[in-house]
Amino acid sequence: MARKTASDSARTLEGHRNAAGMKLAIVASRFNDFLVDKLVEGAMDAVVRHGGSLEHTTLAWVPGAFEIPLAARRMAESKKFDAVICLGAVVRGSTPHFDYVAGEAAKGIAAASLSTGVPVIFGVVTTDNLEQAIERCGTKAGNKGFDAAVSAIEMVDLLRKI
Ligand code: INI
């Protein structure tokens, strides 16, 4: 159902969350893999719950969040995928170079999306401490991997309508 707008006459575009037939890629970083594994599970759960298929989903592992952009960009450039979902966990407490790793991951993911025109979704958990990270990886604060996959599905459908 399209969102209501202030004007009845405005044409409103909104992506639907139906992943049937979509080819999705996930790029996941192994650093903090006890957290990232949960994000991957969440993303795959979202794909299946929204009508997608894991047979059409490709998972690529990279060493850390810093390496996500290059792999994500290569996957997006390949045009084999409708969207690329980037998953990682960067925890400030244990990362003196947190700002560099998290910042480069965020910038690189955005650049990959804009330069290829393929939705490349930011599902990297960046937190001050481990407790906050655990909360975002499938406990108190939901699962950011699930959320990232839903964003990917919605963006693929939206771009098809524009
Ligand atoms: N990579 C992460 O994904 N999360 C982190 O918390 C992290 N810490 O703590 O340093 C991290 N570092 C590795 C980095 O992403 C690169 O893999 C490494 O610097 C090699 O380029």
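**Chat notes on a predicted model**

Q: How much of the chain is buried?
A: This is a predicted model, and buried residues account for 43% of the 162 residues in its chain.

Q: What radius of gyration does the chain have, and what would a compact globule have?
A: The chain has 16 Å. A compact globule with 162 residues would have a value near 15 Å, so the two agree.

Q: And what box do the C-alpha atoms fill?
A: Roughly 50 × 35 × 30 Å, taken along the principal axes.

Q: How many helices and strands are there?
A: Five helices and six strands. Starting at the N terminus, the order is β-α-β-α-β-α-β-α-β-β-α.

Q: Let's take strand 1. Is strand 1 mostly covered or mostly open?
A: Mostly covered: of the six residues in strand 1, six are buried.

Q: Which residues sit on each side of strand 1?
A: L24, I26 and A28 are on one side, and A25, V27 and S29 are on the other. Both faces are covered, with buried residues on each. As background, side chains in a regular strand alternate between the two faces of the sheet.

Q: How many bridges join strand 1 to strand 2, and do the two run parallel or antiparallel?
A: Six bridges, and the strands run parallel. Strand 1 covers residues 24-29 and strand 2 covers residues 57-62.

Q: What stands opposite L24 in strand 2?
A: T57 does. Further along, A28 has W61 as its bridge partner in strand 2.

Q: What about strand 3, how many bridges there?
A: Five bridges join strand 1 to strand 3, and this pair runs parallel as well. Here A28 stands opposite L87. A28 therefore has a partner in strand 2, W61, and one in strand 3, L87, by the bridges that define strand pairing.

Q: Which hand does the unit of strand 1, helix 1 and strand 2 have?
A: Right-handed; the three make a β-α-β unit, with helix 1 at residues 33-49.

Q: Where does G42 lie?
A: In helix 1.

Q: Is G42 buried or exposed?
A: Buried, because its relative accessible area is 6%, and the cut-off for buried is under 20%.

Q: How far apart are the C-alpha atoms of G42 and F31?
A: They are separated by 17 Å, with the two residues 11 apart along the chain.

Q: Are they buried or exposed?
A: N32 counts as buried because its relative accessibility is 17%. K79 counts as exposed because its value is 53%.

Q: Last topic, the largest pocket. How much space lies in it?
A: About 160 Å³.

Q: How does the lining divide by residue type?
A: Eight are nonpolar, four are polar and one is charged.

Q: And which element gives the most to the lining?
A: Strand 3 (residues 83-91), with three residues.

Technical notes. Residues numbered from 1 in each chain as written. Predicted model: local features only at pLDDT ≥ 70, side-chain atom pairs only at ≥ 80, totals over all residues. Heavy atoms only, no water. 1 Å grid on protein atoms, 1.4 Å probe; cavity = no way out; pocket = protein on both sides within 12 Å on 5 of 7 lines; lining within 4 Å. Points joined across faces, edges and corners; volume = space filled by probe spheres on them. Helix = DSSP H or I, 4+ residues; strand = E, 2+ residues; numbered from the N terminus. Nonpolar A, V, L, I, M, F, W, Y, C, P; charged D, E, K, R; others polar. Right-handed = clockwise from strand over helix to strand, strands pointing away. Rg over C-alpha atoms; globule rule 2.2 N^0.38 Å. Buried < 20%, exposed > 50% of the residue type's maximum accessible area, 1.4 Å probe, protein only.
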